[in-house]
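This briefing is for a reader meeting the structure for the first time. Please look over the sequence and the 3D view before reading the points below.

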Amino acid sequence: MSDVESQANACDSDEASFVEVIVVGAGFAGIGAAIKLKEANFDFVILEKTADIGGVWRENTYPDCACDIPSSLYSFSFAPKANWSHFYARQVEIQQYAKDMVGRYGLHNSIRFHSELYEARWDSARNEWLLDTATGRYRCRYFIAATGPMHVPVTPTITGMETFSGDRFHSAQWPKSYDFSNKRVAVIGSGASAIQFLPVVRKQAQHVTLFQRTPPWVLPKLDVRISPAWQRRFERFPFLQRLLRKALYLQFELLNSGLKWSTFTRRLQSAGIRNMERAINDSSLLAKLTPDYTIGCKRILQSNTWYPALASDNVTVTDGVSHIEDGQLVAADGSTHEVDVIIFATGFEVANPPIAELIVCAGGETLAQQWAGSPNVYLGTLAEDCPNLFLTFGPNLYTFSSAFVIIEAQLKLIIRTLTQARRRQVVKLQVCAEKNRDYNVELQQALQGTVWNSGGCSSYFMDSNGRNSSNWPWTTCAMRRRFAAFRLNDCETS
C-alpha cells in the first residue's frame, strides 16, 4: 500500500463511527453475543445485512421447514422457552424465539439493519478494525463475525441451463406462496431441506422427479406436538425442562461417541433400513435409496414422511443431473425428464466460510487467501494474523449436537477474553502461530479414522483440498472444557 493510500485510509478512518465491539450477523450467534456483551457492559452494535433477524431461520421458509434438534435443546440454556408447540420446532416458531430474545434483552436499538459488510480491514496504526458496510464506515476495537456456516446457498453449474425456460430457485430462496399446481417439479439434491419440503410439494405438484447423487441415511423422527398441559408444566416447574434438556444433551453426546464404534453404527444403520422398508416395497427403489457408506459420514437426517413420499405414484427417483439439453434435464443414467420448475436443495458453502473473503488481516491478505482453501483456526474462534477477531461457528466446530451448545461455549471464551483484555488495558490480542499450528495438527490427527474422514462418502465436511475443515472430532463436553480453559495469557498481547 502506498503512502498516499495509507493517508487516505487514515482520513476515512477518522470519519468512521467508533464502537468498542462490532458483531456482524443477527442470527442466534450474533444475538447471543449481544446479550453477553450487554451483560458485561461493553459498548457494541450488531450489523445485519437484511431488514430482519434470525439468520438461517429467516432465510429458509420452504414448506415444513423445521429443526432436527429437539426444541428444548435448541435454545439458550439461560433463556428457555416453555411453550414450544412441537418436540422439533418449526421455522416460524424458531425465528419468533430469536425476536423474543431481542425484545427480552432490549437489543433493538443496538441492531443496524441493511448494513451488509463489504470489507473488514485491520488498521495496524490504530490497532482497530475498519469496516465498510452498506450504511457507512465503522471502527471498532474488537470484531465478532457471527455470520454462521449456513449462510451462502450453493447452486451447481449445470451445462445447458440456458436452454431451460421454466422457473428455478434454491430452497433457501423460496418464493412466497409459489403455486405448484399441475407443475412437473425437479428437486436436485436429497439433503436436510429436500427431505422436509419434497413430501409437501409432491402433494401439490403433478409430478416430482428427485435427482439424487447420494442417498442419505434417514432415521425416524419423534415429531410430536407438545400439549398445552405439558407447556404449562414446563412453565410452572422449570426444572422439568432442564432435566429434559440434560437428557437430550447426553443423548447427543452418546451419538457422537458411539459413531466411533462399529457395533453402534451398525445398529443405527439397521434402524435406517427398517425406516426405509416400512414405506418402500419396490426392490429397485429400495436399492436406489440405500446408502453405501457408513452412517454419520454425511449428516444424519430424520423424517417420517420422506420414504412414503418417494414411494408415491407421482414421484420418480433418479441419478444426479448430468446436463440440460433442449430444456430437458438429463440424469447421469441417461434418462431425460421434462419439468416446469427446478428446486435446488444443494445446501450451503460450509467448509470455506464466504466471510473470509471480506476480512483483510494484519499482513494484507484476506482470511480466504491465508487459508488457501483449508481453514485453520484456533478452537474455531481465533484466526492467525487477525488480531482482535473472533469467529463464531468457525472451522472444525461442527458436531452432532445443538448449535446452542457450541454458541454458548464460544461466547464464554470470547467474553472472558474481552473482559480480561479490558481489565489489563490490552489493545491487541492474537493467537500465537505456533499454538494454532500445534492445535490444528492435533485436531487433524484426531479426525483420522473417524466416520467423517473414512466413512466412504463425499460430503461438504471436506474442503476443496480434501481436508476436513468442518468437524470437531471430540465430544461437546470436551469442547466446553477446552474452551473454558482458554485464557488471555494464551494469546500474544500488547
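The model is predicted. Strand β9, residues 207-212, is largely enclosed by the rest of the structure, because five of its six residues are buried. In the largest nonpolar core, which has 118 residues, Phe-28, Phe-180 and Phe-197 touch the most other members.

**Strand β9 and its partners**

- Strand β8, made of residues 184-188, pairs with β9 in the parallel sense, and five bridges connect the two.
- In this pairing, Ala-186 stands opposite Thr-209 of β9.
- Between β8 and β9 the chain passes through helix α5, residues 194-204, and this β-α-β crossover is right-handed.
- Strand β12, residues 315-319, also runs parallel to β9 and is joined to it by five bridges.

**The three-stranded sheet**

- Strands β13, β14 and β15 form an open sheet in the order β13-β14-β15, and the pairing is antiparallel.
- Because β13 (321-325) and β15 (336-337) are at the edges with a single partner strand each, one side of each has no neighbour in the sheet.
- Strand β14, residues 328-331, pairs with β15 in the antiparallel sense through two bridges.
- Across this pairing, Leu-329 stands opposite His-337 of β15.

**Helix α13**

- Helix α13 covers residues 433-447, and its 15 residues should span 21 Å at 1.5 Å a residue; the end C-alpha atoms are 21 Å apart, which agrees.
- The buried residues in α13 include Asn-436, Tyr-439, Asn-440, Leu-443, Gln-444 and Leu-447.
- These residues lie on the same side of α13, because they cover an arc of only 130 degrees around the axis.
- Exposed residues Glu-434 and Gln-445 sit on the face of α13 that is turned away from the buried side.
- The buried residues of α13 pack against β19 (429-431), α14 (451-454) and α15 (476-485).
- After α13 comes Gly-449, which has a positive phi near 85 degrees.

**Nonpolar cores**

- Which residues touch the most other members of the largest nonpolar core? They are Phe-28, Phe-180 and Phe-197.
- Helix α12, residues 403-423, gives the most to this core, contributing twelve residues.
- Setting aside neighbours within four places in sequence, Phe-28 is in contact with Trp-57, Tyr-74, Phe-76, Ile-94, Tyr-97, Ala-98, Phe-404 and Ile-407.
- There is also a second, separate core of 25 residues, and among its members are Trp-129, Tyr-138, Cys-140 and Leu-391.

**Leu-367**

- Leu-367 belongs to helix α11, which covers residues 367-371.
- Is Leu-367 buried or exposed? Its relative accessible area is 0%, so Leu-367 is buried.
- Not counting residues up to four places away in sequence, Leu-367 touches Ala-356, Ile-359, Cys-361, Ala-383, Cys-386 and Leu-389.
- Leu-367 and Ile-226 are 141 residues apart along the chain, and their C-alpha atoms are separated by 44 Å.

Key
Residues numbered from 1 in each chain as written. Predicted model: local features only at pLDDT ≥ 70, side-chain atom pairs only at ≥ 80, totals over all residues. Heavy atoms only, no water. Buried < 20%, exposed > 50% of the residue type's maximum accessible area, 1.4 Å probe, protein only. Helix = DSSP H or I, 4+ residues; strand = E, 2+ residues; numbered from the N terminus. Pairing = 2+ DSSP bridges. Right-handed = clockwise from strand over helix to strand, strands pointing away. Expected span 1.5 Å × (residues − 1). Arc of directions from axis to C-beta. Contact = heavy atoms within 4.5 Å. Core = buried A, V, L, I, M, F, W, Y, C linked by side-chain atoms within 4.5 Å.
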